[in-house]
2 protein chains.
Amino acid sequence: MAELLARTVARIGAPDAGAMTDAVALQARLTKPPGSLGELEELGVRLAGLAGVCPPPLPGPAAVAVFAGDHGVYATGVTPWPQEVTAQMVANFLGGGAVVNAFAREAGATVTVVDVGVANPIPGTVSAPEFVSARVRAGTRNLAVEPALTRDEVTAAVEIGIRVAEEQISAGAGVLVGGDMGIANTTVAAALVAAFTGSHASRVTGRGTGIDDEMYARKMGVIADALALHAPDPGDPLGVLAAVGGLEHAALCGYQLGGAAHRVPVILDGVIACSAALATVALAPDALGALVAGHRSVEPGATVALEHLGLRPLLDLGLRLGEGTGALLAVPVVRAAARVLREVSTFDAAGVSSK
Amino acid sequence: MAELLARTVARIGAPDAGAMTDAVALQARLTKPPGSLGELEELGVRLAGLAGVCPPPLPGPAAVAVFAGDHGVYATGVTPWPQEVTAQMVANFLGGGAVVNAFAREAGATVTVVDVGVANPIPGTVSAPEFVSARVRAGTRNLAVEPALTRDEVTAAVEIGIRVAEEQISAGAGVLVGGDMGIANTTVAAALVAAFTGSHASRVTGRGTGIDDEMYARKMGVIADALALHAPDPGDPLGVLAAVGGLEHAALCGYQLGGAAHRVPVILDGVIACSAALATVALAPDALGALVAGHRSVEPGATVALEHLGLRPLLDLGLRLGEGTGALLAVPVVRAAARVLREVSTFDAAGVSSK
């Protein structure tokens, strides 16, 4: 394991039990019926545990990082979209015209775009300050016939993710949102979820951006065959990422580790981020304390991954876009959960009678 | 029907079918897989229909109005909370210490507090500019033994709600959030939902702020008996509000009508707002086009009401607080749905290949 990765994993600590106990007690004294804020109460307690203090700080503004990469498994015909769309969408992100940009404006979040492994040249100008050119290789190898990545390539991508998280946190980000772009990357995510959870391909394969029955059957077969070919060991998360992973998946894993190491919450988006989170928690179990499930993607692998992690998604709006879009919609919910503990009066202080 | 109410109902028009057709077509050309934004796509189409133009405008800042009232049915023992809590919580809202205040700060929303029927004096200073003192009467009569309100009292409360909506819209509000405060008001809401939907008391009665089995059985019995006593006619919505309603429920109905008349979206909160929406749509069926279901309350009557209206809630976080809290969390989702149609590039404009 390379030095930055090892140092980051070593830095990740457990949630602070004392702060969580204090938060549970405080929730009961606030001017609302006990339990009436449902999942926001537990979320507030988790934020206190992560911050190590009750009430937790109000998280600073959110920062999005969209990691883009291409996939050798594209060649097996698992998506109807041309591979060039990955590079074209990177240009669209930089131009501010994608859904992630629109949702980031609503959330007051910055958007950094990271080319960690796109196959084609990015069209147009790519000197924007919010662009990080860090291509580990121009797309992965075809996991249907050989390991997608070497272990060194995985580590390089993970460390890129760590560095992006650290730069955003240094710049003041209080919530991290990891997004993805990569044609064929739901195939990779499904393989990762199957490998880490022991689920059959039929349970984790989804229709991604929208595929017909024939292509769906092919996609599921590719995933099942790849698992049989590589027999990835879930106890060796970097090995799993090398065998059936993607560069954006590995970078998202690093990004999540980076947030956890600095005790900054990371909101998970769809199946790509959720599959990466399985690697994250396999590398550093305490990183779970920093992860918040932003929404329930339509992709079945996302739900399998979240159940494995024991996380309940905040939103369930039928989204299946990626880019970080669903996680961005959850940013105000996360901040609201912190505000409850910080800003709501107690019964005593407000002169409100209890029942 | 009084003049302001009649004029408001007459002004409420149907959604603009042309704008909705344009919005459906535009969704398909934006740089995202078709359908990948799930419920946000339909929401965007509804916003276009309400605004009468595609893309719809980005809604201006949200405004909350919390309508507070007390209930004669309190005397039957349907809640463990003292009635004085209604007045105390009004003071808490004005002091900025309630959950609705914390969530409004997150959403950048103003909070207006309207005393439309509190039984007790409001403690402390009540000269705040965000306070509207418009008490129709100091709590309703006991619906277990007589009609809760006269028809004139209902109309007065409805017109207060209309005026508050109009003032907020004049001041620049682009999204309305109607909240409530009133000890025992979930009993009233359940009775309204039962009356408007024909549901049995057992289907709509919930545990409100948290009651034990004995009190729950009493509450359900009170609701069932009141429906038998008054036999309210759902074709006469003002009559239903008079028989088994509350002043905050009536005011919320007016508030929703006011938003609809000005084609401003109104986000529904929990069971109180949802029960009021049944009256709203009974008075003006086209008002439905302005109503957005913010979240799914734990209260079963809220789900029954939303199903009756054909509205799907955006969030489902296990909330049961009221005050407008759940609706406030949905404000960014509503604005994000408008941003998609306004801000996302088309495949052609962004130079992104289609599948």
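This is a predicted model: local features need pLDDT of at least 70, side-chain atom pairs count only at pLDDT 80 or more; totals for chains, interfaces and linings use all residues.
At 28% relative accessibility, Arg296(A) counts as partly exposed. Asp316(A) sits in the loop between helix H13 (300-309) and H14 of chain A, while Arg296(A) is in the loop between strand S6 (291-293) and H13 of chain A, so the bridge ties together parts that are 20 residues apart in sequence. Asp316(A) is partly exposed too, with a relative accessible area of 45%.

**Salt bridges around the structure**

Searching the whole structure turns up 32 salt bridges over all chains. Another one inside chain A pairs Asp236(A) with Arg151(A), with 2.6 Å between the closest N and O atoms. This pair links distant parts of the chain: Asp236(A) belongs to the loop between helix H9 (213-230) and helix H10 (237-244) of chain A, Arg151(A) to helix H6 (residues 151-170) of chain A, and they are 85 residues apart. How open are the two ends? Asp236(A) is partly exposed at 23% relative accessibility, and Arg151(A) is partly exposed with a relative accessible area of 44%.

Over in chain B, the side chains of Arg141(B) and Glu153(B) meet in a salt bridge, 2.9 Å from N to O. Here Arg141(B) lies in the loop between S3 and helix H6 (151-170) of chain B, Glu153(B) is in that helix, and the two are 12 residues apart. Glu153(B) is buried, at a relative accessible area of 13%.

Here are some of the bridges, including one that crosses between chains:

| Salt bridge | Closest N to O |
|---|---|
| Asp236(A) and Arg151(A) | 2.6 Å |
| Arg339(A) and Glu106(B) | 2.8 Å |

**Where the two chains meet**

Chain A and chain B bury about 4,600 Å² between them, with 63% of it on carbon and sulfur atoms. Within chain A's share, Glu106(A), Leu317(A) and Lys355(A) supply 14% of the area buried against chain B, more than any other three residues. The contact draws on 53 residues from chain A and 54 residues from chain B.

On the polar side, the count between the chains is 6 salt bridges, and there are 21 residue pairs in polar contact. Which parts of chain A face the partner? The elements giving two or more residues to that side are helix H3 (39-51), helix H4 (84-94), helix H5 (99-107), helix H14 (325-343) and helix H15 (347-350) of chain A. H14(A) gives the most, with 8 residues. By type, chain A's residues on this side split into 27 nonpolar, 15 polar and 11 charged.

Some of the charged residues are chained together: salt bridges with shared partners join Arg105(A), Glu106(A), Arg335(B), Arg339(B) and Glu343(B) into one network.

A rotation of 180 degrees, with 0.0 Å of shift along its axis, superposes chain A on chain B with an RMSD of 0.0 Å. That is the relation of a two-fold axis. In chain A, the C-alpha nearest the axis belongs to Leu315(A), 3.0 Å from it. Both copies use the same surface, and 100% of the contact residues of chain A recur in chain B.

**Helix H4 and its neighbours**

Helix H4 (residues 84-94) of chain B has 9 of its 11 residues buried, so it is largely enclosed by the rest of the structure. Among the buried ones are Val85(B), Met89(B), Phe93(B) and Leu94(B). What do the buried residues pack against? They meet H15 of chain A, together with strand S1 (62-69), helix H5 (99-107), strand S2 (110-117), strand S3 (131-133) and strand S4 (175-181) of chain B. Just after H4(B), Gly96(B) takes a positive phi of about 80 degrees.

Finally, take Ser353(B), in the segment after helix H15 (347-350) of chain B. Ser353(B) is buried, with a relative accessible area of 16%. Its side chain makes a polar contact with the side chain of Glu84(A), at 2.6 Å. Leaving out residues up to four places away in sequence, Ser353(B) touches Trp81(A), Pro82(A), Glu84(A), Val85(A), Gln88(A) and Phe347(B).

Definitions and conventions: Residues are numbered from 1 along each chain as its sequence is written. Chains are lettered from A and ligands numbered from 1 in the order in which they are written. Side-chain values use heavy atoms; hydrogens and water are left out. Contact means heavy atoms within 4.5 Å. Buried area is the accessible area (1.4 Å probe) that two parts lose on being put together, summed over both. A salt bridge is a side-chain nitrogen of Lys or Arg within 4 Å of a carboxyl oxygen of Asp or Glu. A polar contact is a pair of N or O atoms within 3.5 Å; within protein, one must be able to donate a hydrogen and the other to accept it, and residues adjacent in sequence count only if both atoms are side-chain atoms. Helices (H or I, at least four residues) and strands (E, at least two) are DSSP runs, numbered from the N terminus. Ala, Val, Leu, Ile, Met, Phe, Trp, Tyr, Cys and Pro count as nonpolar, Asp, Glu, Lys and Arg as charged, and the others, Gly among them, as polar. Copies are superposed by least squares on the C-alpha atoms of residues with pLDDT of at least 70 in both. Buried means under 20% relative accessible area, exposed over 50%, partly exposed in between (1.4 Å probe, protein chains only).
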